[in-house]
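Trainee: Could you walk me through this one before I start on it?
Mentor: Gladly, let me put it up and we can go through it together.

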Amino acid sequence: MSDMTHYRKVFDSPYLSAADIVEPVVLTVARVTQETDKTKKTKDVFNTAYFQEREIRPGEKLKPMILNATNSKMMDRLTGTPFIEDWAGKRITVYVDANVKFGRETVEGLRIRAAAERRVLTPEASSVWANAKDAYRRDGNLDKVLSRFDMSQEHIAQLITECAPQEAQHEVG
């Protein structure tokens, strides 16, 4: 199903839409602003979420998402604050709901829910730490590890240092 193309993809929208979401995706809110509709179809002002992630899939740019009234209320519930300036940093899952009421029609629409909590990876979690080191050696980066775990900058640096070849760690002077 994920290699299929939604018919609405041809109508290039500046905003994330149901056509862009193949399966639920976890995103991190970078900021929410109030801005005028970029489609120029209306002069309406929307709460618009921008995300820390740059791509929705490899090679496919992630667009900002209009937070309609339902999704804005959900952000208020998820963050515990009605102020859009406080929503930055919140991890959410964006998914398609096929039963969204739009006027008299039922359409596919985007909805949000809390993202699953992530574990913090530290050297004390020895077997997971070893797996993370294996992934770094295999991939040359920590992208897959950081998609599943949170790590401090210090622990990232420590893991990379531990993966350096032995001769680089003990240079003879």
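**Overall make-up**

Mentor: Of the 173 residues of the chain, 34% count as buried, where buried means under 20% relative accessible area, exposed over 50% and partly exposed in between, with a 1.4 Å probe and protein chains only. Bear in mind that this is a predicted model, in which local features need pLDDT of at least 70 and side-chain atom pairs count only at pLDDT 80 or more, while totals for chains, interfaces and linings use all residues. Residues are numbered from 1 along each chain as its sequence is written, and side-chain values use heavy atoms, with hydrogens and water left out.

Trainee: How many helices and strands does the chain have?
Mentor: The chain has five helices and nine strands, taken as DSSP runs (H or I of at least four residues for helices, E of at least two for strands) and numbered from the N terminus. Along the sequence they follow the pattern β-β-β-β-β-α-β-β-β-α-α-β-α-α.

Trainee: And what is the order of the strands in the open sheet of five?
Mentor: The order is β5-β2-β1-β6-β7, with antiparallel pairing, and two strands pair if DSSP finds at least two bridges between them. The edge strands, each pairing on one side only, are β5 (65-67) and β7 (105-114). Neighbouring strands of the sheet are turned by 45 degrees against each other on average, direction ignored, with axes being lines fitted to C-alpha atoms (for helices over the stretch in contact) and angles running from 0 to 180 degrees between N-to-C directions.

Trainee: Which helix packs on that sheet?
Mentor: That is α1 (residues 69-79), which touches β1, β2, β5, β6 and β7 and whose direction makes about 15 degrees with that of β7; touching, or contact, means heavy atoms within 4.5 Å.

Trainee: How many bridges join β6 to β7?
Mentor: Nine bridges join those antiparallel strands, and V94 stands opposite I112 in β7. The hairpin of β6 and β7 has two residues between the strands, and G103 there takes a positive phi near 65 degrees. On the β1 side, four bridges join β1 to β6, and the partner of V26 in β6 is T93.

Trainee: Is T93 buried or exposed?
Mentor: T93 counts as buried because its relative accessibility is 6%. Leaving out residues up to four places away in sequence, T93 touches P24, V25, V26, R111, I112, R113, A114 and A115.

Trainee: Switching topic, what volume does the second largest pocket have?
Mentor: About 810 Å³. On a 1 Å grid over the protein atoms alone, a pocket is an open set of points where a 1.4 Å probe fits, with protein on both sides within 12 Å along at least five of seven lines, and lining residues have an atom within 4 Å of a point. Grid points are joined across faces, edges and corners, and the volume is the space filled by probe spheres set on the points.

Trainee: Which residues line it closest to the centre?
Mentor: Of the 22 lining residues of the second largest pocket, the closest to its centre are V26, E53, R118, L146 and S147. At least two lining residues come from each of β1, β3 (55-57) and α3 (143-148).
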